[in-house]
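User: I've got a fold on my screen and I'd like to walk through it with you. Can we take the strands, then the helices, then a pocket?

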Amino acid sequence: MMKIGICVPHYGRPIEVGRILDVVRRAEERGLDSVWVLDRLVYDSLAPLPLLAATAAVTRRVRIGTSILLATLWSPLLLAKELATIDQLSEGRLIVGMAVGGREPDFRASGVPMRARGRRLEETVALLRQAWTGAPVDHDGRAFEVHVPAVCPRTVQRPTPPVWLGGFAEEAIRRAVRLGDGYSAGGRGPGYARSAVALVRRMAAEAGRDP
């Protein structure tokens with residue numbers, strides 16, 4: 001069954017909070033499946049996670065998600081706590097879409113190097129899933145080394161909220177198949193999505209995963 005969602009209009013025009021929340025409410029009232037927010041740092045847009053919290057507060061059914069969150073710009077455990085809070089506020093409606101990011105100004109502004117961002121994303125996924133269990137976090141990686149008590153409450157969704165990984169390079173799609181609960185084809189239109197889905201299906205079959 002096809003499910004239809006929309007992106008919330010929180011970028012590229014004068015910010016109108018009333019209009020944004022009205023779009024969110026109407027999406028829920030009209031039976032849409034989901035509403036989404038994007039993430040850019042050096043851009044005239046509202047920050048995605050506070051906006052998702054506001055979206056959770058004015059809805060009860062529609063799923064809410066990031067498409068796509070620049071997870072490599074974040075401290076993984078700080079991000080884990082923010083996202084666990086949103087999953088709690090929405091009573092388990094969160095979908096976490098993430099990617100490595102590819103715009104140099106965003107990395108310069110955050111003080112995070114672009115190099116090895118694929119490794120950062122992979123370890124971030126592992127750290128999020130570990131933190132969301134509400135247990136202590138023990139992780140020895142090349143990008144992060146973390147040994148701390150529990151940092152956030154357990155998420156409502158069990159075992160964790162779904163993690164969708166995005167990106168246009170073949171390696172990004174392969175990463176999504178290997179580590180993700182779904183793949184986000186991004187904003188390149190239906191033509192690109194058709195070719196990407198075909199690649200996801202082939203790679204999933206090779207990996208023994210159900211696409």
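User: Which residue in β7 is the bridge partner of V96?

Analyst: Quick ground rules: this is a predicted model, where local features need pLDDT of at least 70, side-chain atom pairs count only at pLDDT 80 or more, and totals for chains, interfaces and linings use all residues. Residues are numbered from 1 along each chain as its sequence is written, and side-chain values use heavy atoms, leaving out hydrogens and water. Helices (H or I, at least four residues) and strands (E, at least two) are DSSP runs numbered from the N terminus, and two strands pair if DSSP finds at least two bridges between them. β4 and β7 run parallel, joined by three bridges, and the β7 partner of V96 is V163.

User: Over at β2, which residue of β3 stands opposite S34?

Analyst: On its other partner, β1 (residues 5-7), β2 pairs in the parallel sense over three bridges, with I6 opposite V35. β2 also runs parallel to β3, over four bridges. The residue opposite S34 there is R63.

User: Which residues of β2 point the other way from S34 and W36?

Analyst: Buried means under 20% relative accessible area, with exposed over 50% and partly exposed in between (1.4 Å probe, protein chains only). Both faces of β2 (residues 34-37) are buried, with S34 and W36 pointing one way. Pointing the other way are V35 and V37.

User: How far does α3 reach from its first C-alpha to its last?

Analyst: α3 covers residues 76-89, which is 14 residues. The expected span is 1.5 Å times one less than the number of residues. For α3 that gives an expected 20 Å, and the helix comes close to it, reaching 20 Å.

User: Why does the span of α5 agree with what a helix should give?

Analyst: α5 has 15 residues, so at 1.5 Å a residue the helix should span 21 Å. Its buried residues include G118, L121, V125 and L128, and their cover includes α3, β4 and α6. The span agrees because the end C-alpha atoms of α5 are 20 Å apart.

User: Is T72 buried or exposed, and what is its relative accessible area?

Analyst: T72 sits in the loop between β3 and α3. Beyond its neighbours within four places in sequence, T72 is in contact (heavy atoms within 4.5 Å) with A99, V100, F107, V112, R117, R120 and L121. T72 is buried, and its relative accessible area is 0%.

User: Which helix gives the largest share of the lining of the second largest pocket?

Analyst: The largest share, three residues, comes from α2.
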